[in-house]
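Me: I'd like to learn how to read pockets, helices and cavities in a model like this one. Could you take me through them?

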Amino acid sequence: MSEPRWRPSASRRVLELRARVNARIRAFMARHGILEVETPALLQGTTPAASITPFRVADGHAPRWLQTSPELPMKRLLAAGSGPIYQLCHAWRAGERGRRHNPEFTLLEWYRPGFGLAALMDEVEALLAWVTEGLRPLPPFVRLRWGEAMARHAGLDAPYTAGVEVLQSVLRQAGVEVDAAALGPDLDAWRDLVWVHCVEPALPEAAFVHDFPASQAALACVRPGDPPVAERFEAYLGGMELANGFFELRDPEEQRRRFAEENRRRAAAGLAPLPEDSLFLEALESGLPACSGVALGVDRLLMWLTGAETIDAVLAFPWERA
């Protein structure tokens with residue numbers, strides 16, 4: 001007999017653990033002088049992205065968009081001189097449902113003016129050590145470049161320059177069936193498939209991956225070089241992507257160009273374009289301090305702490321019960 005849908009998915013023990021984790025997060029941030037802030041969840045504009053679709057909310061007036069992350073309004077605070085800030089909040093992404101995904105989820109996001117990526121990775125590791133102490137031993141984090149991981153685990157000789165045909169060959173050898181027509185020539189989509197099927201499962205228990213391809217910069221700076229790379233990292237714990245950090249882009253014209261490119265990619269995939277956040281772009285024009293920022297998935301951290309196989313086990317009411 002199935003359990004009634006009105007009942008929570010998470011046990012009382014897990015709900016207590018979530019409360020303890022949230023309290024430890026806030027204690028860590030207070031100890032490090034990082035101000036807790038709150039910003040609107042319903043926004044006039046959003047972050048155009050080919051791979052993320054926000055929820056649209058209409059009440060008879062101009063539509064608003066549920067935040068996919070609090071990033072844009074938090075950067076407006078940074079531009080206004082807030083100093084280091086964090087937010088522990090809900091975010092929403094349409095269509096993201098699976099073993100590790102729920103369309104509504106909890107994010108911890110924080111920004112550090114004056115920090116580079118190495119300093120922010122240090123702080124992420126320190127936060128995780130603080131939060132998990134006495135709950136589950138945290139393994140030491142290994143740091144490796146995206147290209148190094150692709151070479152080691154996908155067998156690519158030139159990861160940053162490998163084309164679609166090479167990536168298709170890697171997937172075939174790994175026994176991964178792909179609808180090539182659906183992906184088309186989107187190089188980053190093929191890179192992501194190789195990453196998910198061939199690299200992620202082979203990563204160390206705790207790892208920071210950095211120096212992603214420049215085309216995957218999103219809202220991060222690109223560091224010139226041969227090849228140029230995105231100044232961002234992803235943190236992995238137990239084979240799950242846990243956090244995504246950027247050395248933040250501060251050029252408003254480059255940001256407009258990237259938003260336009262993401263909307264072009266959406267159009268090519270048959271998706272409607274998304275309105276860019278004009279208030280965020282005005283804040284960039286006024287001047288964003290040099291800073292790094294990171295978003296960390298609290299639900300996934302709870303999954304790792306409890307050994308849960310699905311995100312539903314750490315949520316009071318997942319999508320189907322909300």
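Me: Which helix and strands each supply at least two residues of the lining of the second largest pocket?

Reply: The general idea first: rolling a probe the size of a water molecule over the atoms shows where empty space is left. Here, in a predicted model, helix H1 (12-31), strand S5 (85-92) and strand S6 (104-113) each give at least two residues to that lining. S5 contributes the largest share, 3 residues.

Me: What volume does the second largest pocket have, and which residues lie nearest its centre?

Reply: Its volume is about 220 Å³. The lining counts 15 residues, and those nearest the centre are Arg18, His90, Thr106, Leu315 and Ala316.

Me: How far does H8 reach, and what sits at its ends?

Reply: H8 has 17 residues and spans 24 Å from first C-alpha to last, close to the 24 Å expected at 1.5 Å a residue. After H8 comes Gly270, with a positive phi near 80°.

Me: Which residues of helix H4 (residues 146-154) are buried, and what do they pack against?

Reply: The buried ones in H4 are Trp146, Gly147, Ala149, Met150 and Ala154. Their arc, seen down the axis of H4, is 160°, so they line one face of this helix. They pack against strand S7 (142-145), helix H5 (164-173), helix H7 (187-199) and strand S8 (206-213). Just past H4, Gly155 has a positive phi of about 70°.

Me: Last one: how many cavities of 30 Å³ or more does the structure hold?

Reply: A cavity is space where the probe fits but cannot get out, while a pocket is open. The structure holds 1 of 30 Å³ or more. The largest cavity has about 40 Å³ of space, and residues lining it include Leu43, Thr46, Trp65, Gln67 and Leu72.

Methods:
Residues numbered from 1 in each chain as written. Predicted model: local features only at pLDDT ≥ 70, side-chain atom pairs only at ≥ 80, totals over all residues. Heavy atoms only, no water. Buried < 20%, exposed > 50% of the residue type's maximum accessible area, 1.4 Å probe, protein only. Helix = DSSP H or I, 4+ residues; strand = E, 2+ residues; numbered from the N terminus. Arc of directions from axis to C-beta. Contact = heavy atoms within 4.5 Å. Expected span 1.5 Å × (residues − 1). 1 Å grid on protein atoms, 1.4 Å probe; cavity = no way out; pocket = protein on both sides within 12 Å on 5 of 7 lines; lining within 4 Å. Points joined across faces, edges and corners; volume = space filled by probe spheres on them.
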